Amino acid sequence: MKILVAVKRVIDYNVQIRVKEDNTGVVTENVKMSTNPPDDNAIEEAVKIKESGKATEVVAVSVGEEKAQETVRKALAVGADRGILIKADGILEPLAVSKLLQKIVEKEKPDLVFMGKQAIDDDCNQTGQMLSALLNWPQATFASKIEIKDKKLEVTREIDEGLETIEINIPAIVTCDLRLNEPRYASLPNIMKAKKKPIEQLNASDLGVDTSPRIEQIKVEEPPKRKAGIKVKSVAELVQKLKNEAKVI
Amino acid sequence: MSVLLIAEHNNKELKSFTLNAVTAASQMDSDLHAVIIGNNCGDAAKKLSELPLVKKVIQVEAAHYENFVAENFAPVIVKLAENYSHVVCSANTFGKNLMPRIAAALDTSQVSDIIKVISSDTFLRPIYAGNAFATVKSKDPKKCITIRPTSFDPCESSGGSAPIDKAEPSEEFNNTKFVKREEIKSDRPELGTARVVVSGGRGMQSGDNFKLITSVADKLNAAIGASRAAVDAGYIGNDHQVGQTGKVVVPDLYIAIGISGAIQHLAGMKESKVIVAINKDGEAPIFSVADYGLEADLFEALPQFIEELNKLNTIQK
């Protein structure tokens with residue numbers, strides 16, 4: 001069994017986001033970049049499946065600028081066997097990314113495609129579902145547990161009401177929740193080893209996919225600030241304020 | 001131009017956020033139809049027809065729609081979408097799972113999780129977990145939009161009498177089978193819709209100490225929340241987590257106890273109407289978003305708080 005894992009390079013989750021003064025986006029220059037956190041869970045799960053003997057190869061793929069190679073390299077350092085980078089500049093919408101991934105799936109013919117449930121930059125939560133629609137494959141989104149049963153997967157999904165379990169036939173798409181597993185850190189020897197693993201580079205334009213945006217970003221602004229509150233001195237004062245001033249209790 | 005809203009329901013009743021989604025959809029165009037897909041969902045369809053903003057209900061029923069599997073739902077909606085300019089749904093796990101499958105089939109770039117309708121093609125949406133707001137304009141001929149339910153008021157729920165049309169079901173998708181759903185049952189209000197939320201963080205120091213949070217929540221008929229740190233430390237289950245990777249809540253009153261206010265937590269609660277923070281670290285970032293801050297040891301403050309609430313002797317409903 002072969003598993004393809006899609007990873008995205010995003011601003012690190014610990015970085016305080018700053019909006020550009022001209023309102024064209026957020027500041028990305030000189031900002032620490034990392035793998036989108038749930039994509040780390042996706043890689044971890046694929047590598048664990050391989051370690052258990054149920055998969056033979058894990059391929060990491062990313063779409064984006066040249067530097068997204070670092071993100072692919074990190075996936076290689078935690079256990080992926082080889083990488084693919086689809087180079088593309090500018091804003092890439094999930095629809096375009098899923099069409100590019102479709103091309104890779106057609107070429108690589110994986111049994112499973114894993115990725116994070118959502119990217120923490122655009123917060124779209126679309127790519128996995130779109131890819132499964134384009135391929136007409138089953139989708140298991142927001143997965144917090146995956147069990148492989150012959151040619152099927154049993155997946156527990158995190159839904160608003162609690163947990164849902166579905167059974168899907170392979171080939172399939174799984175989008176991963178942060179609760180799926182605890183991603184490992186890359187060890188130094190593995191980081192060194194990863195440098196020797198191959199990364200195939202392709203250009204989005206060569207794959208015959210039109211990636212031009214369909215959504216015009218008119219402006220990006222800071223969210224409205226909350227007005228400064230007050231400090232109360234005692235519990236009694238707090239309760240009085242909540243009752244008489246805020247009128248919420 | 002006309003809008004197709006996808007109703008969320010449990011086959012018996014509409015999910016309350018459907019009313020918020022109707023409000024949002026009606027702001028895109030007043031010619032609003034709603035589709036309900038399910039199994040034996042006639043009662044919920046009738047409720048949908050009573051929403052005054054809904055001009056027509058389309059009901060699609062089949063056994064394979066019983067459990068809301070996106071692979072079964074999408075083809076029906078894609079077919080119906082021929083007649084509409086917009087397809088709209090709530091951005092909860094139901095809509096997040098379903099809408100991109102529809103959008104890809106329609107070759108539309110979806111606009112996710114909007115918090116404001118600026119015009120029929122222009123919307124406001126949070127990005128970077130609410131640390132920035134983007135104004136975006138969809139250029140696709142058909143628009144697929146998911147809306148953040150807590151950002152829109154629920155619509156009027158009675159007085160309407162829209163006609164209910166039946167539509168043909170599509171074939172079953174055989175590669176996905178529903179197995180089971182484990183709903184977390186609680187006597188408390190649901191975290192996502194509660195009027196009051198009381199949350200505990202790492203400052204609670206143990207799962208046992210969460211009893212203090214429970215007592216406060218009992219007094220205020222509140223839902224119980226938690227920071228990721230408290231969940232990771234095992235003090236409480238992850239279904240209580242508020243934040244970027246948990247639930248986004250917008251209650252009238254949010255009480256953060258022993259929570260420092262990491263960016264990822266603030267993203268899940270800072271739109272609350274009134275925020276209270278109780279923390280012994282006066283420099284904790286949570287105070288920067290709190291309307292009322294109390295710098296105190298929570299183990300002293302909470303028993304007093306419970307006592308003061310007892311004096312008020314009013315249990316809020």
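**A strand pairing between the chains**

Strand 9 of chain A (residues 162-169) pairs with strand 11 of chain B (residues 176-183) in the antiparallel sense, and seven bridges join them. One position in this pairing is Ile168(A), whose bridge partner in strand 11 of chain B is Thr176(B). The model described here is predicted.

The contact between the chains draws 62 residues from chain A and 68 residues from chain B. On the side of chain B that touches chain A, 31 residues are nonpolar, 19 are polar and 18 are charged.

**Chain B as a whole**

Chain B has eight helices and 16 strands. Its radius of gyration is 21 Å, close to the 20 Å that the globule rule gives for 317 residues, so chain B is as compact as a globular protein of that length. Taken along the principal axes, the box filled by the C-alpha atoms of chain B is roughly 60 × 40 × 40 Å.

Of the 317 residues of chain B, 57% count as buried. Among the contacts in chain B with a separation of 6 or more, 65% come from residues 24 or more positions apart.

**Strand 4 of chain A and its neighbours**

Strand 4 of chain A, residues 57-64, is mostly covered, with seven of its eight residues buried. Strand 1 of chain A (residues 2-6) pairs with strand 4 in the parallel sense over five bridges. Within that strand, Val61(A) is the bridge partner of Ala6(A).

Strand 4 of chain A also runs parallel to strand 5 of chain A (residues 82-87), to which six bridges join it. Here Val63(A) stands opposite Ile86(A) of strand 5. Together with helix 2 of chain A (residues 68-77), strands 4 and 5 of chain A make a right-handed β-α-β unit.

**Helix 6 of chain A**

Which residues of helix 6 of chain A (residues 235-245) are buried? They include Val235(A), Leu238(A), Val239(A), Lys241(A) and Leu242(A). These residues lie on the same side of helix 6 of chain A because they cover an arc of only 160 degrees around the axis. In general, an α-helix has 3.6 residues a turn, so residues three or four places apart point the same way.

The buried residues of helix 6 of chain A pack against strand 13 (230-232) of chain A, and also against strand 15 (274-279), strand 16 (292-295) and helix 8 (298-312) of chain B. The face turned away from the buried side of helix 6 of chain A carries the exposed residues Asn244(A) and Glu245(A). After helix 6 of chain A comes Lys247(A), which has a positive phi near 55 degrees.

How values were computed: Residues are numbered from 1 along each chain as its sequence is written. Chains are lettered from A and ligands numbered from 1 in the order in which they are written. This is a predicted model: local features need pLDDT of at least 70, side-chain atom pairs count only at pLDDT 80 or more; totals for chains, interfaces and linings use all residues. A residue is buried if 20 or more other C-beta atoms lie within 10 Å of its own, exposed if 12 or fewer, and partly exposed in between; C-beta atoms are placed from the backbone. Helices (H or I, at least four residues) and strands (E, at least two) are DSSP runs, numbered from the N terminus. Two strands pair if DSSP finds at least two bridges between them. A crossover is right-handed if, with the strands pointing away from the viewer, the path from the first strand over the helix to the second runs clockwise. The arc is that of the directions from the helix axis to the C-beta atoms. Two residues are in contact if their C-beta atoms, placed from the backbone, lie within 7 Å. Ala, Val, Leu, Ile, Met, Phe, Trp, Tyr, Cys and Pro count as nonpolar, Asp, Glu, Lys and Arg as charged, and the others, Gly among them, as polar. The radius of gyration is taken over C-alpha atoms; the globule rule is 2.2 Å times the number of residues to the power 0.38.
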